[in-house]
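Subject: Structure handover

Hello,

Here is the structure for you to look at. My notes follow below it.

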Amino acid sequence: MGDSALTSKHLAIGLAGDHLVALAADPALAARLDGTGAAFAVAGIDRIDGPAPGAATLEPTVAATFLAAHAPATAFLAAAAPHRDHPYNLARRVASLDHLARGRSGLILGPRDSYAPEGEGGNRAWGGAGLTTGAPPGVTATRDAAVAVQKLWQSWPRDSIVADRDSRVFARGDRIVHIDHQGVFGVAGPLTVPSTVQGAPVLAWYAASEEEVGQAGEVADLVVLPDAGPEGVARAAAALDAAASSRFSRDGRRALLFAQVTFAPGTGVAGFAARAGDVAGLPGVDGVLLRPERGTASVVKEIGEVVEEVVPALVARGVVRRAEGATLRERLSLPEPAPLLVGARPAFPAPVPQPPLSFAPSF
Amino acid sequence: MPNPREGKVILGVNVLVLGYLPAAWQSTRLHPHSFIDPGYWNQIGEVAERATLDAVFLADGPALGDPSYDANAGRLEPVVNWSHVAAATERIGLIATASTTLNDPFDLAQRLLSLDHVSGGRAGWNIVTTRDGSAARNFGLPDIPARDDRYDRAAEFVDLILALWESAETGREVHHRGRFFDLDGRLRVPPSRQGHPVLLQAGGSAKGRALAGRRAEGVFAAELTKQGAIEHYREVKRHAIDAGRSPDSVKILPGLLLSLGSTEEEARRRSDELHELGPESYSVQWLSQAIGYDVSRLDLDARFPQDVLDAIIDPAHAGGSIGFRQSIYEQIRATGPTVREYLRQTRYTGSGHGGFVGTPEQLVDHIEDWWRSGAVDGFNLQPDVLVDGLEVIADEVVPLLRKRGLFRHEYTTDTLRGHFQAASA
């Protein structure tokens with residue numbers, strides 16, 4: 001397999017709600033995710049990849065933060081939809097996760113939250129909060145949330161923190177800006193935390209339809225495509241190529257394409273690895289997302305099968321490679337995000353150096 | 001002879017990120033990014049757990065204040081912050097503040113229950129309504145709704161969250177039709193070891209205290225005088241009894257701002273230095289915000305004008321928390337200081353929350369006195385600089401309390417609700 005490093009692709013693992021519950025209950029099991037060498041795991045993928053909720057779940061930013069502490073080499077994307085959740089809260093929680101996971105995280109958006117309840121208002125994006133009438137959930141609201149979230153992640157530049165004990169200025173408040181976002185959502189900003197060690201968390205989109213792939217390609221770093229044949233993957237790759245020139249950040253990049261391959265436990269690892277290898281080899285595919293379905297065995301046993309058998313088989317065939325790099329952006333060879341807030345309104349006045357002290361601090 | 005109150009003191013620490021004073025970041029034990037450093041947060045959790053404290057507590061609002069001179073303006077989202085600390089600790093309670101005004105109840109219910117579940121039943125929710133207009137503008141609103149509307153919404157919001165948490169245990173759907181929310185569905189987050197998170201309440205308005213008596217298991221109060229604290233303690237316990245609850249089911253835990261030293265003089269010097277290291281205009285700005293009046297327009301060497309004092313306690317007047325305003329008003333009325341004297345005095349006696357500057361031994365005397373007087377069930381301690389202040393609590397204050405039989409020697413309960421209940425005699 002001398003050329004496998006050239007042809008092998010990124011690996012991601014999609015964890016559903018019951019996987020999260022089992023992993024959170026067993027830190028040693030969670031730590032075994034580190035052995036997979038995956039570029040990232042998605043926390044709570046069943047929240048955004050289908051119409052119906054699973055039997056049990058955890059809120060993905062909570063689960064990702066908790067699991068990241070137990071699996072210090074694993075990166076997590078928290079799954080969410082701007083449905084019952086607001087872009088400000090979402091941006092804040094994922095940026096907090098990214099600080100606490102030392103730049104090993106991100107957000108994966110979908111248009112709808114399959115765990116959301118029914119009810120007047122609650123069927124509309126942010127309508128369930130009872131503050132505004134909300135907006136129709138869907139591609140437009142998701143795209144707008146993706147833009148607002150990425151602006152918020154840049155609203156407090158990390159290098160504005162000077163922490164100068166002589167002038168007693170902690171941060172250059174005048175370099176922190178409002179985002180003044182006016183779209184489906186109205187968000188003034190800035191965010192309550194500075195930008196993170198990897199610049200910003202990775203923003204991904206789980207695109208269920210072809211229409212979504214094009215929209216996702218204009219706003220996301222990475223797009224996940226549900227199980228598809230060669231034609232579907234080719235159309236998605238073409239849509240991402242076409243979207244590169246109309247990205248809102250004007251960075252001209254093509255979003256990374258991850259193709260989902262569903263694994264049904266107990267159906268044979270070799271056959272699955274061959275199928276995943278075929279998908280990974282399709283033109284335009286940057287990575288495969290291994291999505292274990294629930295079978296009839298215990299969740300713990302099925303996670304064990306993925307970690308101990310399925311992933312090693314994919315590595316052995318040269319389908320995927322072990323991720324390298326401290327941050328998720330490094331692992332995916334993604335650059336820091338292009339600046340989105342040039343000329344934005346400063347949030348605070350410039351600080352003035354404080355007068356000299358008449359004493360030497362004693363602590 | 002002190003009266004023979006049985007039971008134990010409850011102790012929490014309000015971490016206020018790096019410590020309650022804006023100059024906390026200048027401690028030589030911190031680095032510029034401590035406030036967002038996972039290692040810093042692990043250390044706070046571990047020292048608090050070594051002290052066998054009941055809980056650590058994070059205040060919050062979803063908007064950024066000016067961090068130019070104050071690192072504490074930077075705030076990780078509390079539920080995520082504590083999810084990280086939950087992985088590094090086993091027993092300490094983890095209380096997160098979250099707004100009933102700027103959240104969706106379904107989303108917040110699953111978030112809080114998820115923290116409660118992964119931490120093994122150690123989560124608490126401090127219920128606030130948020131009064132900061134800049135937070136509203138992060139959620140597409142021109143301003144925050146009026147106070148009465150916020151509390152009406154909070155009451156329905158809390159009831160709905162409790163119903164959703166119950167649905168997580170029973171599997172039965174919630175069908176809610178209310179003035180603010182309509183919802184049909186259930187939570188699929190597993191219940192926690194303590195069932196669901198402990199409810200705490202922080203507001204000091206009449207509606208806030210009524211909500212506390214009806215629903216809260218803890219009140220994070222603002223008290224500057226013991227007499228005021230005793231009256232508020234009885235008021236909330238009476239509300240609890242009126243709601244058919246045991247008075248023991250709601251714990252009263254005022255904040256207490258701390259500067260500690262091995263002598264009283266050393267403690268005062270530490271407090272003075274930390275105040276001098278902070279931005280010059282900080283105390284004037286703080287008081288202006290708290291009372292809704294531009295204090296820089298007052299003659300600093302004159303007493304507070306009567307019309308300003310009247311406005312401080314008028315609930316219709318714009319300004320900060322009613323609970324803080326009441327305690328500030330009572331403090332000014334007690335001694336009639338000039339504005340400058342008041343601002344200096346607040347260094348030692350607290351501003352809004354009560355303050356304490358002295359030795360660990362004196363602090364333990366203070367805690368015991370208020371606890372035996374029936375003014376409190378415990379305190380939410382707020383060290384000036386957390387990184388060393390918390391160590392003094394663990395290594396000096398807590399051992400003295402233990403020696404007096406007022407605090408646990410080791411954890412005997414696993415959950416936050418269990419910790420609170422174990423304090424009752």
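Start at Ala43(A). Leaving out residues up to four places away in sequence, Ala43(A) touches Leu15(A), Leu20(A), Pro60(A), Ala63(A), Ala64(A), Leu67(A), Phe76(A), Leu77(A), Ala78(A) and Ala79(A). Contact here means that the C-beta atoms, placed from the backbone, lie within 7 Å.

Before the rest, the ground rules. This is a predicted model, in which local features need pLDDT of at least 70 and side-chain atom pairs count only at pLDDT 80 or more, while totals for chains, interfaces and linings use all residues. Residues are numbered from 1 along each chain as its sequence is written, and chains are lettered from A and ligands numbered from 1 in the order in which they are written.

The core. Ala43(A), Val223(A) and Val288(A) touch the most other members of the largest nonpolar core, which has 260 residues. Helix 5 (residues 147-170) of chain B supplies the largest share of this core, 10 residues. A nonpolar core is a set of buried Ala, Val, Leu, Ile, Met, Phe, Trp, Tyr and Cys residues joined through C-beta atoms within 7 Å. A residue is buried if 20 or more other C-beta atoms lie within 10 Å of its own, exposed if 12 or fewer, and partly exposed in between, with C-beta atoms placed from the backbone. Helices (DSSP H or I, at least four residues) and strands (E, at least two) are runs numbered from the N terminus.

Chain A. It has 11 helices and 12 strands. Its radius of gyration is 21 Å, which agrees with the value near 21 Å for a compact globule of 363 residues. That radius is taken over C-alpha atoms, and the globule rule is 2.2 Å times the number of residues to the power 0.38. The C-alpha atoms of chain A fill a box of roughly 75 × 50 × 40 Å along the principal axes. Buried residues are 58% of its 363 residues.

Chain B. Here there are 15 helices and 12 strands. The radius of gyration is 21 Å, close to the 22 Å that the globule rule gives for 425 residues, so chain B is as compact as a globular protein of that length. Its C-alpha trace spans about 65 × 50 × 50 Å along the principal axes. Of contacts in chain B between residues at least 6 apart in sequence, 76% join residues at least 24 apart.

The interface. Chain A gives 69 residues to the contact and chain B gives 58 residues. On the chain A side, helix 5 of chain A gives the most, with 8 residues. That side has 38 nonpolar, 21 polar and 10 charged residues. Ala, Val, Leu, Ile, Met, Phe, Trp, Tyr, Cys and Pro count as nonpolar, Asp, Glu, Lys and Arg as charged, and the others, Gly among them, as polar.

Annotated positions. An unreviewed UniProt entry lists Asp60(B), Thr97(B), Tyr151(B) and Ser205(B) under "binding site". Positions follow the numbering used here, feature names are shortened, and annotations may be inferred rather than shown by experiment.

- Asp60(B) sits in the loop between strand 2 (55-58) and helix 2 (78-88) of chain B. It is buried because 20 other C-beta atoms lie within 10 Å. Beyond its neighbours within four places in sequence, Asp60(B) contacts Arg75(B), Pro78(B), Thr97(B) and Ala98(B).
- Ser205(B) is in the loop between strand 7 (198-201) and helix 6 (206-215) of chain B. With 19 other C-beta atoms within 10 Å, Ser205(B) is partly exposed.

Best wishes

Conventions: Contact = placed C-beta atoms within 7 Å.
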